[in-house]
Amino acid sequence: MKKYIETGKIVTTHGLRGEFKVYPWCDAPEELTGYKTLYLAENGGYRAMKVTRARTQQQMVLLQFEGIDDIDA
């Protein structure tokens with residue numbers, strides 16, 4: 001049994017300021033913009049990521065996480 005609900009998939013970066021473009025798996029992309037923390041699945045576990053900016057762009061969600069301020073991070 002999974003502990004978390006999968007809400008979308010990071011598909012690419014967006015711009016140079018460290019934003020991620022996320023394909024949401026929900027009816028309305030706006031639903032993902034209300035979360036303060038999201039959990040990133042990696043290496044069989046989950047890492048908490050604090051959301052510092054969230055907005056929609058057409059049917060995608062653009063997210064920025066704390067500590068990731070540019071594309072190189």
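**Reading a five-strand fold**

Mentor: Of the contacts in this protein with a separation of 6 or more, 45% join residues 24 or more positions apart. Keep in mind that the model is predicted.

Trainee: What makes up the secondary structure of the protein?

Mentor: Five strands and zero helices. The order from the N terminus is β-β-β-β-β.

Trainee: How do you know whether the radius of gyration agrees with a compact globule?

Mentor: Set the value against the rule. A compact globule of 73 residues would come out near 11 Å. The protein has 12 Å, so the two agree. Along the principal axes, the C-alpha atoms fill a box of roughly 35 × 25 × 20 Å.

Trainee: What share of the residues counts as buried?

Mentor: The cut-off is under 20% relative accessible area. Of the 73 residues, 23% count as buried.

Trainee: Why is a set of residues called a nonpolar core, and which residues make up the largest one?

Mentor: The members must be buried, of a nonpolar type, and joined through side-chain atoms within 4.5 Å. Ten residues make up the largest such core: Phe20, Val22, Leu32, Leu38, Met49, Val51, Val61, Leu63, Phe65 and Ile68. Strands β2 (19-24), β4 (45-57) and β5 (60-65) each give two or more of them. The largest share, three residues, is from β5. In soluble globular proteins, nonpolar side chains tend to be buried together.

Trainee: Which residues are in contact with Met49, beyond its neighbours within four places in sequence?

Mentor: Contact needs heavy atoms within 4.5 Å. For Met49, the residues are Lys36, Thr37, Leu38, Leu40, Phe65 and Ile68. Leu38, Phe65 and Ile68 also belong to the core.

Trainee: Where is Glu66, and which residues are in contact with it?

Mentor: Glu66 sits in the segment after β5. Beyond its neighbours within four places, Glu66 is in contact with Lys50 and Thr52. Thr56 is ten residues from Glu66 in sequence, with 18 Å between their C-alpha atoms.

Trainee: What makes the phi of Asn43 worth a look?

Mentor: Most residues other than glycine have a negative phi. Asn43 is not a glycine, yet its phi is positive, near 50°. Asn43 lies in the loop between β3 (37-42) and β4.

Trainee: Is Asn43 buried or exposed?

Mentor: Exposed means over 50%. Asn43 has a relative accessible area of 81%, so it is exposed.

Trainee: What is the phi of Gln58, and why is Gln58 called exposed?

Mentor: Its phi is positive, about 55°, although Gln58 is not a glycine. Gln58 lies in the loop between β4 and β5. With a relative accessible area of 74%, Gln58 is therefore called exposed.

How values were computed. Residues numbered from 1 in each chain as written. Predicted model: local features only at pLDDT ≥ 70, side-chain atom pairs only at ≥ 80, totals over all residues. Heavy atoms only, no water. Helix = DSSP H or I, 4+ residues; strand = E, 2+ residues; numbered from the N terminus. Rg over C-alpha atoms; globule rule 2.2 N^0.38 Å. Buried < 20%, exposed > 50% of the residue type's maximum accessible area, 1.4 Å probe, protein only.
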